[in-house]
Amino acid sequence: MKPRYGRAVRSTRVAAVLAAALPATAAPATAAGAGTPGDRGRAVPLRVATYNIHAGAGQDQVFDLDRTAAALRDLDADVIGLQEVDVHWGARSDFVDEARALAGKLDMRVFFAPIYDLDPATPGGERRQYGVAVLSRHPVLDAENHEITRLSTQTSDPVPVLTPGFAEVVVNVRGARVHVYSTHLDYRSDPSVREAQVADMLDVLAADRGPKVLVGDFNAEPTAPELAPLWTKLRDAAPGGGGTYPALDPVKRIDLVTVSPGVTVSGARTVASTASDHRPVVADLLLHRRGR
């Protein structure tokens, strides 16, 4: 057995981050659509998606956030997990706050969970952040940025340490509450860090009740041994789906939508797009309002 590097913990700054991240047009969690007692037990549809947006650059390496937004809009998803999201990160993305910008373009709520939070590039500037995010059309009741084991890409000699960047939101889908998580696992050939990350994520999921949807860039195919523990608690929503990486001519399926028992998958597909170097995955789900 490979060593575990620690147990996932919860951030104490999430409430403030969530409030700051919501677009001005976002409805409060008590908005219409929360469901009525007579609705309990009925299945409600939810379309979820995952997309590694490559910091807004397409397969052609050209930064074009409008193109990214158009690709996301075409998915027509209610909740979207994003990976490789820049917030004032650098010149490669024009120092844009991509999380807020995409939420504004799509008229969706957003929760951004930074992996890295660095000093500004220039004195008095915005902090440089990079991480994952969740966009939602539905009210967000709660959100947390969890820590999981990571090897930093910001140092020449990284060691595995617990680091933020595992996003969780609790979404009210017309009375059904669902936990949605967005993740980005380690890309290196050595699977040991991904193995630890899977264990850390399962610790987080075990602490939450009700239906769960975990999406992200796993940097491993579903049959990889390090992902095996996931399938004891979750299932792959698109086991027959097409490859997702690289976008132009994919040979690997590493971008996944996974769901907990009790969540019905009515359909799923990989979407052809070169707005990133990955392809997005969309899944149509059914939830039950009795879920809490």
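Guide: What follows goes from the chain to one aromatic group, then to a helix, the cores and some backbone details.

This is a predicted model, in which local features need pLDDT of at least 70 and side-chain atom pairs count only at pLDDT 80 or more, while totals for chains, interfaces and linings use all residues. Residues are numbered from 1 along each chain as its sequence is written, and side-chain values use heavy atoms, with hydrogens and water left out.

The chain holds four helices and twelve strands, taken as DSSP runs numbered from the N terminus, with at least four residues (H or I) for a helix and at least two (E) for a strand. Of its 292 residues, 53% count as buried, that is, under 20% relative accessible area, where over 50% is exposed and the range in between is partly exposed (1.4 Å probe, protein chains only). Of the contacts (heavy atoms within 4.5 Å) between residues at least 6 apart in sequence, 72% join residues at least 24 apart.

The structure has four aromatic pairs, defined by ring centres of Phe, Tyr or Trp (its six-membered ring) within 6.5 Å, and called stacked when the planes are under 30 degrees apart, edge-to-face when over 60 and tilted otherwise. One of them joins Trp89 to Tyr116 in a tilted arrangement, 6.3 Å centre to centre and with 35° between the planes. This pair links distant parts of the chain, since Trp89 lies in the loop between strand S2 (79-87) and helix H3 (98-106) whereas Tyr116 belongs to strand S3 (residues 109-118), 27 residues apart, and both Trp89 and Tyr116 are buried. Trp89 also pairs with Tyr130, again tilted, at 5.7 Å centre to centre and 50° between the planes; here Trp89 of the S2–H3 loop is linked to strand S4 (residues 128-136), which contains Tyr130, 41 residues apart. Tyr130 is buried, as is Trp89, and Trp89, Tyr116 and Tyr130 form one aromatic cluster.

At the start of H3, a side-chain oxygen of Asp97 comes to within 3.3 Å of the backbone nitrogen of Ala99. Glu98, Ala99, Leu102, Ala103 and Leu106 are buried in H3, and because these buried residues fall within an arc of 130° seen down the axis, they line one face of the helix; the arc is that of the directions from the helix axis to the C-beta atoms. The cover over them includes helix H2 (65-75), S2, S3 and S4. After H3 comes Asp107, with a positive phi near 55°.

The cores give the wider setting. A nonpolar core is a set of buried Ala, Val, Leu, Ile, Met, Phe, Trp, Tyr and Cys residues joined through side-chain atoms within 4.5 Å. In the largest, of 27 residues, Val48, Val169, Val178, Val213, Val257 and Leu287 touch the most other members. Apart from that core lies another, of 25 residues, among them Ile53, Ala69, Leu82 and Leu106.

Thr50 is in strand S1 (residues 43-52) and counts as buried because its relative accessibility is 0%. Its side chain reaches the backbone nitrogen of Gly216 at 3.2 Å, and the residues that Thr50 touches, leaving out those up to four places away in sequence, include Gly81, Gln83, Val257 and Val281.

Some backbone details remain. Asp76, in the loop between H2 and S2, has a positive phi of about 50° although it is not a glycine, and counts as partly exposed because its relative accessibility is 41%. Arg174, in the loop between strand S6 (161-173) and strand S7 (176-184), likewise has a positive phi, near 50°. Finally, a cis peptide bond with omega of about -10° joins Tyr245 and Pro246, and Pro246 is in the loop between strand S9 (235-236) and S10.

Conventions:
A polar contact is a pair of N or O atoms within 3.5 Å; within protein, one must be able to donate a hydrogen and the other to accept it, and residues adjacent in sequence count only if both atoms are side-chain atoms.
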